[in-house]
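My entries follow in the order in which I made them.

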Amino acid sequence: MSPTALDYLLWGALPYVVIAVLVGGTIWRYRYDRFGWTTRSSQLYESRLLRIASPVFHFGLLVVIIGHVVGLLIPEGWTDAVGITNDMYHVTALSLGAIAGVTTLGGITLLIWRRRTTGPVFSATTVNDKVMYAVLVAAILAGLATTLLSAVAGLTGGHEADYRETVSPWFRSVFVLQPDVAAMSAASGAFKLHTLVGLALFALFPFTRLVHAFSAPVWYLFRPYVVYRSRDREPTPVSRPIRRGWS
Amino acid sequence: MAKRIGRVMAQVAMVMNLDKCIGCHTCSVTCKQAWTNRSGMEYVWFNNVETRPGQGYPRRYEDQERWEGGWRRTAAGRLKPRAGGRLKKLATIFANPKMPSIQDYYEPWTYDYEHLVSAPLGDDIPGARPRSLLTGEPVKIEWSANWDDDLAGGEQLGSQDPIVQRIGDKVRFEYEQAFMFYLPRICEHCLNPSCVASCPSGAMYKRAEDGIVLVDQDKCRGWRMCVTGCPYKKVYFNHKTGKAEKCTLCYPRVEVGMPTVCSETCVGRLRYLGVVLYDVERVGKAAAVKDEQDLYEAQLDVFLDPDDREVQAAAARDGIPDRWIESAKRSPVHLLAKKFRVALPLHPEYRTMPMVWYIPPLSPVVDALSETGHDGEDAGNLFAAIDTLRIPVEYLAELFTAGDPEPVTAVLAKLAAMRAHMRRVNLGEERDESIAASVGMTGEDVERMYRLLALAKYDERYVIPTAYGVDEADRGVIDEIGCSLDFEGGPGMGGMGGQVPFGEASGRPRPASVETFHALRDRQTSDANSGPPRRLNLLNWDGKGRPPGLFPERDQEDSPARDQKSSPARDQKTSPERDQEDSPERDRRHGPEADGKGGPGRDGENGPGRHRRTGDEEGT
């Protein structure tokens, strides 16, 4: 089955549009909205549920992200070379993926329930947040669906839907500017859906509160506790020209 | 000087004289109006005044077993944030386990004023019910920033004071035995700030030039660790912007040599601002001394004597300009904290090296002594009474010296000695140097301290050098960075921001002028437009008063002053009469005329209406 025009559009062109939006949008946001770059935490309003749900969600998500990195970036040939059989790989990946996915889903379900039922938290929820949550949940659900379908396929002995021969080569090929549209168009519907929702999430990323993920404060580990800073020699350079505030 | 002087830094610090605080909350209110009167900051009080004994704000913030603020000394003698080091901070970043919730502060509310005018007609007078500012839902008000003000709630609330719980039955809440004093609190601008240490983003910093601790709003990512880190709970989370905010020591004012808003507006004149020079290389070691009760002395050792030539040389070496060193020599903070040793740090045991210090209150000891038949101002009697003061020394010691009563007693003895010494001076008796000597001071020092504490002249209370580190500032000149209206042709340049053919900004520009007393009163007491003549915009006219040019001229005697002003030609001709008419009698007439009753056919010059109103005003 050769790729159609739609395939070229979705797997050949769209990824670059999304990358452009993600990179450009993040740069734009950093230049013009550093003040809005925050977690917008609602812990002040409600702490009891958040203290369970938020770590469950975030840690689950971290495992999911690591799983994606491993699954997408490491070619099948490499794992074969170190002697990991296809079955071993899939059993580990699917079981770990299922656990992490379900944890993440459980976390975000609790978080959204909290957000809806706790008055002050709901009042502080913007339309932007709601759109973001919808896409994020869709991505997680679609991802879990692919995991479950793969597991079922694995149990019944079929390996046609192996993402390591379809999605992963395509993903890597995007970054070497030679998108392997044929590989991706051979993937199953669930994977295609998950990929599309994922692309939507990346496109939304710079414009939502998700940007806080980019400012994970890792360098805190390496700095002295007390920070001293000198007064700016000159008034803070403004990132855009000064103009009248009312026009 | 035996000790080598490390890197010298300057800190703008504060001392508050608790003996003079009357708990009026003016500092809190003016601070709130200036800085936190915004959405998302409703519950935020950069400055608050607590009644002690009391729970403080937020509730029981001093209970570090629970909130884990400040620093902890490890077995190896190193300091670590009490809530955990770097790894633990990052591991708990998704939900801060030690963060106070809004209920520990209070749920901010407003009142449903709209209901007062929109309620349907009925037999009952409509009321304005409280509504949450977080949800908009009706709330039951159960707590607020000063719920236990003036010991309200008595033992029920006061017994929850962490210090009361620690020192047990020394504190009594029976009315006859109760005591209280006020503790105004702002950010301590610590030398070893644990909030700064807790910030994963590195958005919080201590300014090298003046020691003010600030939050970079562009770098803060809302991780909330600073709220936990600060044992004084003086970093707040703005729940609208999702960023931390805190007391800035009014740095825009301090930079140009003005005192903070809380200091400026303090009616008791109990706040002192001045520069303290300190050796930043000694801070870490001093904050890590083994015994908590040594922290007060250790912090004093960090401070440098600005009169010492070696210190001056070291300060100059480290880029502190001369005028800052000169200012440090006259600093009331240095004088009260280091030289006279009457000011004490708040909770030194948190190991943050706080820089807002307090002169502990001497209870109403003179009256108490006089009632027992003793001479209430005799030095001997005063000294003997200190241990039995109504405010237990133990309580003050828990606040200011990690529980060591010694330094507190010494301060109170100095304050008592000052009274005894000054009584002799005021009664024209011979000065008795032995009184001052008994507390380790000289008579001269005591009188200097008296001048600073009792007379508290503005220039001596606030000794603040202008900022350095900016080229212009180093020449002693602070240029305003610029007014946003000062663009080409803008209002600040005499223009109106370009010609606009329609709308409010159309027509002749209004001449800018300083408002006079009369013009101000005129504007405030009249319902109609006042001030210089201008074109009337009918769309803005609310139908009240007599705007110039709208109605035919009336008799001069009968028309309000503003009508006259509206006609420059007549204004000139009749100016002698106008001077007369600006007499108080004339001015009172503005009231009824501006009342909206001023249409044609209202009461004449001597009509009953005018007399009635005049009578009212005289009666009240």
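**Entry 1: a pair in chain B**

I looked up B:Arg431 and found that it counts as partly exposed, at 46% relative accessibility. The cut-offs are under 20% relative accessible area for buried, over 50% for exposed, and partly exposed in between, with a 1.4 Å probe and protein chains only. The side chain of B:Arg431 meets that of B:Glu447 in a salt bridge, at 2.7 Å from N to O. I took a salt bridge to be a side-chain nitrogen of Lys or Arg within 4 Å of a carboxyl oxygen of Asp or Glu. This pair links distant parts of the chain, 16 residues apart: B:Glu447 is in helix H22 (residues 443-455) of chain B, and B:Arg431 is in the loop between helix H20 (405-426) and helix H21 (433-438) of chain B. Helices (H or I, at least four residues) and strands (E, at least two) are DSSP runs, numbered from the N terminus. B:Glu447 is partly exposed too, with a relative accessible area of 24%.

**Entry 2: what I am working with**

This is a predicted model, in which local features need pLDDT of at least 70 and side-chain atom pairs count only at pLDDT 80 or more, while totals for chains, interfaces and linings use all residues. Residues are numbered from 1 along each chain as its sequence is written, chains are lettered from A and ligands numbered from 1 in the order in which they are written, and side-chain values use heavy atoms, with hydrogens and water left out.

**Entry 3: where the chains touch**

I then turned to the interface. Chain A has 44 residues in contact (heavy atoms within 4.5 Å) with 67 residues of chain B. Of the elements of chain A, H2(A) gives the most to the side that touches chain B, with seven residues. Between chain A and chain B the count is one salt bridge. B:Asp216 forms a salt bridge with A:Arg229, and their closest N and O atoms are 3.0 Å apart.

**Entry 4: a sheet across the chains**

Which strands make up the open sheet of three? I read the order as E1(A)-E8(B)-E9(B), with mixed pairing. Two strands pair if DSSP finds at least two bridges between them. Two bridges join E1(A) to strand E8 (residues 204-207) of chain B, and these strands run parallel. A:Tyr228 stands opposite B:Lys206 in E8(B). E1 of chain A and strand E9 (213-215) of chain B stand at the edges, each with a single partner strand, so one side of each is left without a neighbour in the sheet.
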